[in-house]
Amino acid sequence: MFSWLGTDDRRKKDPESYKFHEFHSPALEDADFDNKPMVLLVGQYSTGKTSFIRYLLEQDFPGMRIGPEPTTDSFIAVMHGDTEGVIPGNALVVDPKKPFRKLNAFGNAFLNRFVCAQLPNPVLESISVIDTPGILSGEKQRISRGYDFAAVLEWFAERVDRIILLFDAHKLDISDEFSDVIKALKNHEDKIRVVLNKADQIETQQLMRVYGALMWSLGKIVNTPEVIRVYIGSFWSHPLLIPDNRKLFEAEEQDLFKDIQSLPRNAALRKLNDLIKRARLAKVHAYIISALKKEMPSVFGKENKKKELIGSLGDIYKRIEREHQISPGDFPNLKKMQDQLNSQDLNKFQPLKLKLLEAVDDMLSHDIAGLMVLVRQEENQRPNPVVKGGAFDGTSDGPFGHGYGEGAGEGIDDAEWVVVRDKPAYDEIFYTLSPVNGKVTGANAKREMVKSKLPNTVLGKVWKLADIDKDGMLDDEEFALANHLIKVKLEGHELPSELPAHLVPPSKRKIPE
């Protein structure tokens with residue numbers, strides 16, 4: 001995968017003219033591009049993060065501990081391996097084949113709380129999952145972890161393909177630490193999915209209130225105009241305590257699974273997208289650094305001028321934005337940038353080097369466009385990759401597949417044609433439409449079908465499925481089938497792309513030879 005990256009020597013150069021890697025994220029390495037898509041699980045303690053992974057894999061993994069108290073006290077990277085085992089953090093960050101080498105900057109306090117659990121599991125052949133310590137609340141959050149928890153999560157957020165925020169239906173309070181974590185995930189909203197877990201433990205009326213309260217709480221922290229997608233369910237293999245919303249949970253689970261299963265297919269484009277964001281940020285960073293350098297005196301008053309420039313950094317942002325037509329969303333966080341500048345010697349910064357900026361512009365306008373073509377070509381040459389195994393295969397076949405026996409699938413196991421149940425009522429309508437030689441014309445059938453108020457695009461699909469002999473007319477069985485499909489659509493189900501065998505009228509079925 002990612003053969004389009006090639007072995008270009010330009011990737012190996014360290015563009016430290018403006019100390020980009022000190023202010024933002026470290027340089028990308030081959031492992032960042034070569035590794036499987038990663039899913040980061042974040043949530044307060046006892047929201048079911050570890051149980052969620054156990055549910056996906058359908059097996060225990062090394063280092064797994066589940067309980068109502070804060071049990072997971074480490075970051076656990078659950079990855080595929082030929083043999084089951086645990087790799088400690090200090091050994092993990094020196095492995096060039098793993099995308100974690102730059103985590104050594106967080107020190108031993110973090111590395112002692114970071115492990116990789118490897119096991120042979122079909123799900124992990126396509127994705128890796130990062131389990132995180134439960135976010136603390138109350139007095140517990142005042143106890144220092146010994147490392148910058150929010151900064152570690154932000155490091156992972158830049159590199160993962162999906163971030164799943166888990167909430168417990170009984171524990172919606174967003175603690176100060178959780179609020180800081182969600183804010184640290186800013187600029188990665190496109191990767192975030194929210195799961196309201198353990199929803200089977202409350203009644204339907206309470207669930208509606210809990211859902212509303214969760215959306216209200218998230219709206220105060222995640223400052224985006226779009227509504228965050230929330231998946232509701234109970235993601236473990238235990239019996240549902242209150243099964244009233246079983247169909248809702250099944251539909252939500254299928255939607256979430258489809259989202260996760262799409263990650264391998266979109267992994268190359270996601271990495272390319274992150275590379276573009278990084279390049280744009282590097283360009284803006286160069287403008288900021290050179291602007292600060294330009295304002296610094298060469299001899300006297302350096303310290304006072306430094307404080308003045310850092311204090312007015314917001315005005316410098318606005319000036320750069322106007323002069324170079326840069327979007328405000330491309331600028332780094334103002335407060336964080338000011339804190340980092342306090343420890344820097346602004347006189348050692350570099351003036352603006354136009355050739356470097358031109359190289360970035362050239363890369364964005366030409367190289368990236370070429371890479372997009374190569375990505376598409378590589379995707380077309382490979383079979384469609386999806387996550388398989390574990391819970392993803394649990395409902396793919398048989399009577400427990402999603403929608404089995406419902407909508408267009410109703411009557412799939414019946415010996416009798418399912419449309420027969422309502423055919424007498426459909427026949428009464430059929431004979432009022434002036435059939436000729438046992439068939440009604442398309443114009444007459446249309447007058448009746450449009451009474452459903454379904455759009456023409458849907459009714460056209462119904463006609464295509466019902467007109468089995470493609471003669472532009474409907475006999476009584478085809479007319480009954482058309483009305484059955486309209487009923488399926490009106491009840492909120494999707495129409496099949498092809499007519500299932502059990503819906504074909506008995507007189508139209510081929511006799512097996």
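The axes of helix 10 (residues 263-295) and helix 14 (residues 354-381) come within 11 Å and cross at roughly 180 degrees. Axes are lines fitted to C-alpha atoms, for helices over the stretch in contact, and angles run from 0 to 180 degrees between N-to-C directions. Helix 10 and helix 14 are therefore roughly antiparallel (an angle over 145 degrees). Contact (heavy atoms within 4.5 Å) involves Leu269, Leu272 and Ile276 of helix 10, among others, and residues including Leu364, Ile368 and Leu371 of helix 14. The contact residues divide into 16 nonpolar, no polar and six charged.

This is a predicted model: local features need pLDDT of at least 70, side-chain atom pairs count only at pLDDT 80 or more, and totals for chains, interfaces and linings use all residues. Residues are numbered from 1 along each chain as its sequence is written, and side-chain values use heavy atoms, without hydrogens and water.

Helix 10 has 33 residues and reaches 46 Å from first C-alpha to last, close to the expected 48 Å (1.5 Å times one less than the number of residues). A kink of about 30 degrees is centred on Leu269. The bend is the angle between axes fitted to the seven residues ending there and the seven starting there.

Eight strands form an open, mixed sheet in the order 3-4-2-5-1-6-7-8. Helices (H or I, at least four residues) and strands (E, at least two) are DSSP runs, numbered from the N terminus. Strand 3 (85-88) and strand 8 (230-232) stand at the edges, each with a single partner, so one side of each lacks a neighbour in the sheet. The twist averages 25 degrees from one strand to the next. Strand 3 pairs with strand 4 (residues 114-119) in the antiparallel sense over four bridges; pairing requires at least two DSSP bridges.

Key:
Parallel < 35°, antiparallel > 145°, perpendicular 65-115°, else oblique. Nonpolar A, V, L, I, M, F, W, Y, C, P; charged D, E, K, R; others polar.
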